[in-house]
Amino acid sequence: MTPDNMVNFYNTHFYENFDVSLHGSPLDEWIAIMHPDDKSQFIENISTQVTEKITRFISQYRVRNRQGEYHWIEAVGVIHADDSGNLLYMVGAHKDITEKKQYEDKLYQLAYCDSLTGFNNRRKLIETLTELLEAKSHAAIMTFGLNKINQIMDVFGYQAGNSIILLCAECLKEAFGSKNVYKTQPDEFVVLQKGVYSESVLKQQIASLLTDFEQRFRSFHQSTLQSLNVGVYLLKEDNCLSEDAESLLYKSTLIMRHGSEKDDCISFYVDEEKRSIERHLFLETGLKKAITDKELYLLFQPIVCAATGKTVSVESLVRWNSVRYGEIMPTEFISVAEENGDIVELGYHVLVLACEFLNQYREAHSRVIKASVNVSVIQLMQPDFVAHFLAIVRHYQLQPENLTIEMTESVILESNPFAVQQLLALDEAGFTISLDDFGSGYTSFNTFFSIPFTQLKLDRAIIKKMEANSAVRAYVKFLVSMCNEKGITVVAEGIEDYAQAERVKEAGVDLIQGFYFHKPKSGKAIIESETV
């Protein structure tokens, strides 16, 4: 190419496929068949190279061939100047890199795109968010959850579920643009809008989108089962330094789920919701540290003999005394531990604390009292659970007979051969296996024939029903009788007053547990108690 932008093509065979003159072609002819999106960048590259006297320059762009197809071209341009720096000519080469670009596109699709919707995926979103945080940029992060898509799939099948996901994708694309929408989970989308946004503007945008989706869904599927919930996190410059991409996404998802539980379609990460989410995050991420920092401790509730009233064993109850939040009850943190898998480490820690208490009791009384520990089915399903459990017990020079393992989730246990195998191994080792919360609505009589257990704990719910319902009292008597025949000990828990105590005694239960007899106590109080 000469300084007046006239081009001579030496490999005419290559250029015959393009609508340009093969000899003395003006550069404008080449620019004319470029992809519209690539023209301005190409012209800028040429100008930059000539103006700044860049000896060698490489660029990539698309050019239309005579069949109307765009091919990717890689252009290498080298300029030659005289001793005074004046441009004499530019020489270069063109290379068709269409196949390479297509291969790169496929790799990109695999790495960064959702196969169903074609939107960018979670991995791409994390990278984009990281860049925003580094640049201290403002943005609105909106997580949209199809909160009942699983029910749709269960009833109508996966194809129906995918159709609804695609319907939602189309609504989001039209409302926010495909470049701003990410598919992060099977039932979740994230919209990332860069810039400063007020709650009122976002609420208006989202409300319009929700109305559109609801109308389309009703015409598409004659049902009101499906709905969208949205959690919004506003990224500002002042919180860029304290956040990372993963935590931002997680908070946005949590606020969406938090709103779903309260039937709020649109929830923002502010005020009460913010405090609730921060507490949930603390529970999710702080339990392991709480174990290390010895913030967890045990209380022990005595279990007494129904006939004599004497304490025969204790149940270990875990508590969390947090430096940040104070006392946190197990009803709050156990479910979180089960969701994120921390329940496994927590379960072993509770066993260690229980064994330490049993050793202290033995030193004080020259005998060992029996203690119950709760074991989650998640912990039970670990392949090394039995060996690990036994190793802890033996480390403290205790015997399996000193411990009762309390299990719930009987429906899961009944249908899982490996779980039953684990329980059989524990039973053969000498542990007492107790089926907890019987009568709470999750246990069937199949339990008696499929799960090896030697103790059954009647839930407080069934104890309360005995007061006004003679049929329930008859049922409990029958249950106790059947357990006696099978050599199973029956414990009535949650006994709160004299009347309840008398009713369960009349039914023939072996052991009783509840506030009427003893409230949970510290290990020290149990050791010093004369009733034990």
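How far apart do the end C-alpha atoms of residues 57–109 lie, and what are the percentages of helix and strand in the span? The end atoms lie 29 Å apart, and the span is 23% helix and 57% strand, where helices (H or I, at least four residues) and strands (E, at least two) are DSSP runs numbered from the N terminus. Before going further, note that this is a predicted model, in which local features need pLDDT of at least 70 and side-chain atom pairs count only at pLDDT 80 or more, while totals for chains, interfaces and linings use all residues. Residues are numbered from 1 along each chain as its sequence is written, and side-chain values use heavy atoms, with hydrogens and water left out.

Keep residues 57–109 selected: UniProt, in an unreviewed entry, places the feature "domain: PAC" there, with the caution that such annotations may be inferred rather than shown by experiment.

Next select β3, β4 and β5, which form an open sheet of three strands in that order with antiparallel pairing; two strands pair if DSSP finds at least two bridges between them. Because β3 (56–64) and β5 each have a single partner strand, they stand at the edges, and one side of each is left without a neighbour in the sheet. The twist averages 30° from one strand to the next, the axes being lines fitted to C-alpha atoms and the angles running from 0 to 180 degrees between N-to-C directions. Nine bridges join β3 to β4 (residues 70–81), and Phe-57 stands opposite Gly-77 in β4.

Arg-62 lies in strand β3 and Asp-38 in the loop between α2 (27–32) and α3 (39–51), so the pair ties together parts that are 24 residues apart in sequence. Arg-62 is partly exposed at 21% relative accessible area, whereas Asp-38 is buried at 11%; buried means under 20%, exposed over 50%, and partly exposed in between (1.4 Å probe, protein chains only).

Strand β7 (residues 139–146) pairs with β10 (residues 228–235) in the antiparallel sense over eight bridges, and Thr-143 stands opposite Gly-231 in β10. In strand β9 (residues 188–194) you will find Leu-192, which is buried with a relative accessible area of 3%.

For the next stop, select Arg-216 together with Glu-174 and Asp-212. Glu-174 forms a salt bridge with Arg-216, the closest N and O atoms being 2.4 Å apart; Glu-174 lies in helix α7 (residues 158–176) and Arg-216 in helix α8 (residues 199–220), so the pair ties together parts that are 42 residues apart in sequence. Asp-212 also meets Arg-216 in a salt bridge (3.1 Å, N to O), and both of these residues lie in helix α8, four residues apart, about one turn of the helix.

Finish at strand β18 (residues 455–458), where Gln-455 and Lys-457 point one way and Leu-456 and Leu-458 the other, all of them buried. Strand β17 (residues 432–438) runs parallel to β18 and is joined to it by three bridges, while β18 and β19 (residues 489–492) pair in the parallel sense over four. Lys-457 is also linked with Glu-315, Glu-406 and Glu-493 in a network of salt bridges.

How values were computed: Salt bridge = Lys/Arg side-chain N within 4 Å of Asp/Glu carboxyl O.
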